[in-house]
Structures are given as structure tokens and as C-alpha cells.
Amino acid sequence: MLPIYRFAEERPALKKQLTRSVAFDPAVQSAVDEILQRVLHHGDSAVLDYTEQFQGVRLSEMKVSPDAIEEAYRQADPGFVTVLREAYSNILRFHEHEVEKSFFYESEGGVLLGQRVTAMQKALLYVPGGKASYPSSLLMNAAPAKVAGVKEIFMTTPCDPSGEVSPHILAAAAVAGIDSVYKLGGAQAVAAFAYGTETVPKVDIITGPGNKYVALAKKQVFGHVAIDSIAGPSEVVVIADASANPEFIVLDLFAQAEHDPDASAVLITPSEALAEAVRRCAEERLPSMLRKDIIASALKENGAIVVVDSLEEACTVSDMIAPEHLELHVEHPWDILPLIHHAGAIFMGGYSCETIGDYYAGPNHTLPTNGTARFFSPLSVRDFIKHTSIIAYSKQQLLGCGEKIAAFADHEGLQAHAEAVRARLRTL
């Protein structure tokens, strides 16, 4: 179930096992293109048609009523609401440290320069539904948008065939103060909010994970709106030494594998004994898991135990993968942290399991996948703001450098650029 590779001897086979692709099946591409075009040209009617086709219900109202949100909150288990509130508080507190400030400074000759930081006005938070509901995704997307100061925050999640939305998601919406909740899912929901329809508002940014149709739709509408990232299947890498607890590692690998048959879970260790212990433990624990078929498929197709010569080499292998989640089950995790350059989130020590980050700790769990941690970052307040440059020259300041600027434009062959400056110089 969990193949063991020795890095020094089996690099090609390991690379083949762990290669992740951001490509989409042509059939998915074709379906998404058709959905986007129909929603663009036919608006609400196309959205309702696709909702009926894919979600099994003809909606008379696309939005969840405020009363339904309040009722879900009142009916929710008090213990669950307490955890939601604590988790949301932790997430808000973390993101408050990301807030940027506008700045201005006086340059040479009294020129005033600066950068203004403002929030986007409208954001859509896409929360997966369907087979499972993820109120944690709502909290993780809502918090940075709220902290950034987004004025209008909308949320959408697929409804069931009776037209109902998960009460757990609605309770989380109440906790996060989100009162504009839609019952739409899939590529049609992305299209509706990217283009706008008769009743669905066009937004400035769409964030949140979804299935491959949602991911591709977000990719296709980028430019009409901003997006956070194109999320792929979940992934975890565990770097462990001989001191690690095999059961901790196995359950953390299972925690990612149970998401999706395409999920990836990898252990990297210099300890042959630990590698064998983890494989045995995985075989023993698998039959007791509720999602054992999904876990087994993910580990067989995308999982691995990689035996390396040292922890330094383990860090090199991890950087090759650039995982969404990286756990360091080693005696001295802070010692090897400087050796790691690419990961969405890093969990320090055996008791900092990835599940804590998914729900409660505070840092965002919307993370780069498919190796994109090399250049993408977790969802943050920065995704919901924009920067505007401010430039203020007076007549005298332009007089001092205007001819230099015009000459620069001359060298690029842009006459109007140069003349725009010289016209002003002639008035001074």
C-alpha cells in the first residue's frame, strides 16, 4: 500500500510516483468552457438549468434566507458553536498581523511619492459542499476578507437535492458574520459571480477550493476577476527521524489521503526501522478507517515512504515536492527549518499535527498545491487588497527633470510620451 523508495537508488521511480499535474482532462475543459459561455450569455436561466442538472433541484430562490441562517445557528450543537467561535477568533488574530499600511515619503526635490492600500469591494467565498461540508473553509476564507476590509462578502456552496444548504456551513456563516449566502455550486457558480447575472452580483475576487470543475472555472475567469489560486488535491510530506512515533505519522498520512483518491501522502526518513514500522502500522490501522478505500487508493497511487541518507537530504527531497503541508517529526525541528525553502505550511514537531492547522491554530489552511508552493503563498489579507501608486510632481519639480524624462522617451521611440512632458515644460 505504501511503497518504500531509497532515494539514492530509485530517483526516477520516485519521481514518477510523486509527479503532480496541473493539467485538466479535455472533457473537463470542454464542459467548463460550455458552462462559462452559457452563463455569460444567458445569466440566471443558465445558472438555474445547471443547478438542476448537477445539484438535482430547480431553485425558486438562489439565496439562503437570513432566517434560515439564524435558525441553523440556533439549532447547532452549542459545543460545535463554541469551537467555531474559538477557531474564528484564532484565525482573525493571525490575519490581523498581515495588515498593510499605506505609505508616503518625500523624495529628492520635494516630490511626494507613496502607495495607497485599499480593500477590494466585493468578494465571493466558494465553500465546497456535495458529498461533504467544510465549515472550516468558510472561516478560513472569511477571516482575511473581513480583516482586509472588504465591504461586501458573498458566500456560495452547493445545496442538496431538496434545495437545502448544510446547517453546519450556515452556522459557520453566522459566526463569521456572512449574511449573503447562495445555494449555487460548480463551474456555474464561479461563472455567475465572475460575470454577474440578473440577480447574482459580479465580484472582484473569488477564493476557496472546489472540485476540478471549480478549479478550472476559476482559472478560466481569471482576468474578469482575481482568484486566490488553482487548488489541486491535498498533499502532505512528513520528515521524520528515529525518534518519531509511527502511529502519529500514519494517522497524519491518512488524514490527507482520506480527502481524495488523488491526494498525496509521503514520509521521508533516514531511519530504515521507522520506515518499516510506519508501513506495518499503516496496514494494521487501515481496516478500521471509515474511508479506508479512499485512503488505500491515494496511498497506492500517490503515496510513498522515501528512505534518505540524512535529514539534510530529506529537506532536499521535500523541496523537490514543494508540498502543501510539511510536518517535521524530528527531535530538533527548528534546526532543519532553515534548510527548507518550499512548503505551504510547516508544522513543527510531532505534536503539531496538520489537523490543528486545518481547523484551529490560526494560519490559513487554503494553501498552494501541486508544487506551486515554490511561488504561491497561503490565502491571506494580501489577496483581498490592492495597491495604488501615488505620484505628485509640482511645476518646479518637473522643470528640474522633465527634459531627462523626455529624452528617455525619445530613446524608446515614443514621441507622444516625450511631447507630453515637453508641452508642459514650454509653459514654465
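1. In this predicted model, helix 5 and helix 7 touch through a defined set of residues. Helix 5 contributes Phe80, Leu84, Arg85 and Tyr88. On the side of helix 7, the partners are His168, Ala171, Ala172, Val175 and Ala176.

2. Sorted by class, this contact between helix 5 and helix 7 holds seven nonpolar residues, one polar and one charged. Arg85 is the charged one, since Arg counts as charged. His168 is the polar one, because His falls among the others in that scheme.

3. How are the two helices set against each other? Helix 5 spans residues 78-96 and helix 7 spans residues 167-176; they pack at an angle of about 45°, and their axes are 10 Å apart. Helix 5 is therefore oblique to helix 7. The crossing of the two helices is right-handed.

4. The model has one cavity of 30 Å³ or more by the rule applied. The space in the largest cavity is about 40 Å³.

5. Which residues line the largest cavity? They are Arg20, Glu235, Val236, Val237, Ser264, Val266, Ile321 and Pro323. By class, the lining has five nonpolar residues, one polar and two charged.

6. Two strands each give at least two residues to the lining of the largest cavity: strand 9 (235-240) and strand 10 (264-269). Strand 9 has the largest share, with three residues. Glu235, Val236 and Val237 are the lining residues that fall within the range of strand 9.

Conventions:
Residues numbered from 1 in each chain as written. Predicted model: local features only at pLDDT ≥ 70, side-chain atom pairs only at ≥ 80, totals over all residues. Heavy atoms only, no water. Axes fitted to C-alpha atoms, helices over the stretch in contact; angles between N-to-C directions. Helix = DSSP H or I, 4+ residues; strand = E, 2+ residues; numbered from the N terminus. Parallel < 35°, antiparallel > 145°, perpendicular 65-115°, else oblique. Left-handed = near helix turned anticlockwise from the far one by under 90°. Contact = heavy atoms within 4.5 Å. 1 Å grid on protein atoms, 1.4 Å probe; cavity = no way out; pocket = protein on both sides within 12 Å on 5 of 7 lines; lining within 4 Å. Points joined across faces, edges and corners; volume = space filled by probe spheres on them.
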